[in-house]
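Please look over the sequence and the model shown here. A short report on selected features follows.

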Amino acid sequence: MTGPVDSPFPGSDLPGPVDPETPQPPGPEASPEAAAPSELLDLALADLRHRRAALEAEIKELESRRAVLQQELGASFAGQSDAIARRLKGFQDYLVGALQELVIQAESMELVNQPLLVQPSPLDQQAQAAAVASQQAATTVAAAGLFSQDEALIRERLQRFLGQPDFYADPWKLRRTLEPAGAALLEDWFLSQGGRGAQPSSGSRNRNALVAAAAIAVLGELYGERLQTLVLAGEPERLGEWRRGLQDCLGLAREDFGPNSGIVLFERPDALIERADRLEERGELPLIVVDAAEQVVDIPILQFPLWLAFAPGPAELALEDDLL
C-alpha cells in the first residue's frame, strides 16, 4: 500500500492535492438568501407609496365634499334665514299697522242704533235736531273719555302712584311705584280713550302688568266688586308672568286668580269673550287686558266697555320670535 506523497518542497505554502468530495467555501457571487431582504424592502416601499397615494386621493375627495357642504350650508341658512327674517319683519310691521287701524275704526263705529222717524213734522224735526245735538254732545264726552266726571279722582290716584311704594297696602291697592310713562299712558287711556283702546307696550310684560295693576286699582275704587279682570295671553308661560306681576303689584293671593275670583287668565279669546258676555248678563263689569304678544285683537272684544290692549314695538316682537 502506498502512503501519501509528500511535497517535493518541504515547508512550502503551496496547497496539496484537492479532494473533489471535500466541500468548498462559497465564492464572491451573491446568493438568493442575500437578495431576499432587498426585494422585501422594495415591496414594502411600493405598498407604502400605494397607500400614500390612496390616502391623498381620499383627502382630496373629502376636502372637495367639505367645500360643497360649506357652500350648501351658506346658501341654505345664511341667505335664506336673512330673507325669512326680512319677510317676518315686514309681516310684523303690517300686523301692527293693521291692529292700530282696526282699533281706530272700532272706536269710530256707531254702536247705538239711531231712531227711525217716518215723515217727521216740523216740531218733530226740531225735537230731532235737539236730540242729535244732545247725542253729539254725549259722543263728544265719550270721545274725551267716559271717566270725565271722575277726572279729578283719576289724576289724583295716578299722581299718588308716582310716589313711594306702599308695600303694606290692602289687597287690590297698588303696592308698587308707577313710572311717569305708565301714568301718562293710563291718563290717556282713561280720559282720552274712555277706557277702551290700545296703548304702546312698556317694553316688558312686568311693566305692562304694573300699568294694568294701576288701572285695576283705580277701577276698583270706582266700581267695587262689580269689576272683574280678564287677561288674554296665548301661552301658559305668559299667563304665569301676568299672574306673578299682578299678584305682586296688588298684594293678591293665589285664590284671587280663578273662574270665580277677581282675575281670570285665558289662553284663547273665544273663552274670554264667552266669560265677558256672562259677566255683563249678571250686571258685572269685565275689564279685558290683552298681552302684547297677541298679534290680533278679536273684533268681539271691541264691543265691551273696558279693554286695554298693549301694542308691542318691533324690538319686543323680535324678542318674542326668538323665544319661540
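## The sheet

Five strands, a case of 5 strands in an open sheet, pair in parallel in the order β1-β5-β4-β2-β3. Strands are DSSP runs of E with at least two residues, helices are runs of H or I with at least four, and both are numbered from the N terminus; two strands pair if DSSP finds at least two bridges between them. Because β1 (196-200) and β3 (263-266) are the edge strands, each with a single partner, one side of each has no neighbour in the sheet. On average, neighbouring strands are turned by 20° against each other, direction ignored.

Strand β2 (residues 227-232) runs parallel to β3 and is joined to it by 4 bridges. Threonine 229 has isoleucine 263 in β3 as its bridge partner.

## Helices on the sheet

Helix α4 (residues 180-191) packs on the sheet and touches β1, β4 (285-290) and β5 (307-311), where contact means heavy atoms within 4.5 Å. The direction of α4 makes about 160° with that of β1. Helix α7 (residues 269-281) lies across β2, β3 and β4, at about 170° to β2. Axes are lines fitted to C-alpha atoms, for helices over the stretch in contact, and angles between N-to-C directions run from 0 to 180 degrees.

## Basis of the model

This is a predicted model, in which local features need pLDDT of at least 70 and side-chain atom pairs count only at pLDDT 80 or more, while totals for chains, interfaces and linings use all residues. Residues are numbered from 1 along each chain as its sequence is written, and side-chain values use heavy atoms, leaving out hydrogens and water.
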